[in-house]
Amino acid sequence: MFRPCVQAVRTQLLKRAVVARPMAQRAWKPMAQPVRAFTVAAPRFSAGESDNELVHKLQEELSYEKENEESAQPPFIQEFLQANSFKIEDKAGHDEVTLSRTFGNESISVLFSISDINNASESFLPEEDVQVEEDEEDASFPVRASVIIEKPGQGAVTIDTVAQDGEMTVESVMYYKEAKLATCATAESDWQRRGLYIGPQFGELDEGLQSQFVAYLEERGVNAALATFLPDYVEYKEQKEYTQWLNNVKNFVEA
């Protein structure tokens with residue numbers, strides 16, 4: 001007696017299942033739409049309210065610097081290189097500059113950094129207010145330069161100097177039996193240098209010996225001309241790097 005009822009129930013359940021399947025499929029499709037909308041909108045989250053104003057200020061500064069920069073290399077650079085037989089290695093975006101030349105069987109390198117221009121605002125403050133204008137016009141900022149002299153099979157000598165007001169002042173003289181210790185900038189070489197005797201304080205040497213070291217350097221182009229050139233070149237390169245920095249940062253912010 002109950003079989004017709006069971007059959008009717010089964011029939012109704014089957015119909016419900018058949019009707020439910022299309023609804024499940026239709027309900028699934030709209031779920032993909034929010035994902036696509038989120039992906040398209042994602043880049044907008046990187047833009048801040050102050051970005052446009054910062055880009056505008058950077059562009060103003062960049063335009064000002066470009067208006068006042070020299071279009072060609074200043075004459076003092078080529079004049080110095082030709083008169084002193086130096087070649088210059090200056091990589092854009094790098095802080096350090098190298099001058100190199102040969103002298104007999106020697107290879108000579110002069111390494112210096114444009115970061116020394118920061119010393120211009122920290123040094124040479126006159127004690128007397130009356131002398132402020134005169135001292136600021138005449139005094140230059142100090143530029144530290146390491147002079148490395150190598151001989152084949154004989155190691156190398158590193159002479160630390162300071163260029164200022166047209167004079168090269170010697171601070172120390174170090175000898176390395178292995179030339180690579182004087183030139184290599186690896187952590188291993190730096191560790192090896194720490195355990196070596198670096199020599200006496202230059203100012204404590206006999207005055208006659210100090211004078212001979214100065215004459216030794218002057219013969220190799222480490223002289224008053226170099227002392228004048230270094231601060232001028234530091235200012236020139238720092239200006240170029242600053243202009244490029246403005247452009248790089250502006251492009252980054254507005255990207």
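This is a predicted model: local features need pLDDT of at least 70, side-chain atom pairs count only at pLDDT 80 or more; totals for chains, interfaces and linings use all residues.
The protein chain contains nine helices and six strands. Of its 255 residues, 27% are buried. When contacts between residues at least 6 apart in sequence are considered, 56% of them join residues at least 24 apart.

Helix α3 spans residues 51–68 and has 18 residues. The distance from its first C-alpha to its last is 26 Å, close to the 26 Å expected at 1.5 Å a residue. Four residues of α3, namely Val55, Leu58, Leu62 and Glu65, are buried. These residues lie on the same side of α3, because they cover an arc of only 90° around the axis. The other side of the helix carries exposed residues: Asn52, Glu53, Lys57, Tyr64, Glu67 and Asn68. The packing partner of the buried residues of α3 is helix α9, residues 224–254.

Within α9, Thr243 was examined individually. Its relative accessible area is 7%, so Thr243 counts as buried, the cut-off being under 20%. Leaving aside residues up to four places away in sequence, Thr243 touches Leu62, Glu65, Lys66 and Glu69. Among these, Leu62 and Glu65 also belong to the buried set of α3.

Helix α9 also packs with helix α4, which comprises residues 75–84. Two packed helices are described by the angle between their axes and the distance between the axes. For α4 and α9 the angle is about 145°, and the axes are 11 Å apart. The crossing of α4 past α9 is left-handed. On the α4 side, the contact is formed by Phe76, Ile77, Phe80 and Asn84. Helix α9 contributes Ala225, Leu226, Phe229, Asp232, Tyr233 and Tyr236. By residue type, the contact of α4 with α9 comprises eight nonpolar residues, one polar and one charged.

In sequence, Gly153 and Glu178 are 25 residues apart. In space, the C-alpha atoms of Gly153 and Glu178 are separated by 8.3 Å.

How values were computed:
Residues are numbered from 1 along each chain as its sequence is written. Side-chain values use heavy atoms; hydrogens and water are left out. Helices (H or I, at least four residues) and strands (E, at least two) are DSSP runs, numbered from the N terminus. The expected span of a helix is 1.5 Å times one less than its number of residues. Buried means under 20% relative accessible area, exposed over 50%, partly exposed in between (1.4 Å probe, protein chains only). The arc is that of the directions from the helix axis to the C-beta atoms. Contact means heavy atoms within 4.5 Å. Axes are lines fitted to C-alpha atoms, for helices over the stretch in contact, and angles run from 0 to 180 degrees between N-to-C directions. A crossing is left-handed if the near helix is turned anticlockwise from the far one by less than a right angle, and right-handed if clockwise. Ala, Val, Leu, Ile, Met, Phe, Trp, Tyr, Cys and Pro count as nonpolar, Asp, Glu, Lys and Arg as charged, and the others, Gly among them, as polar.
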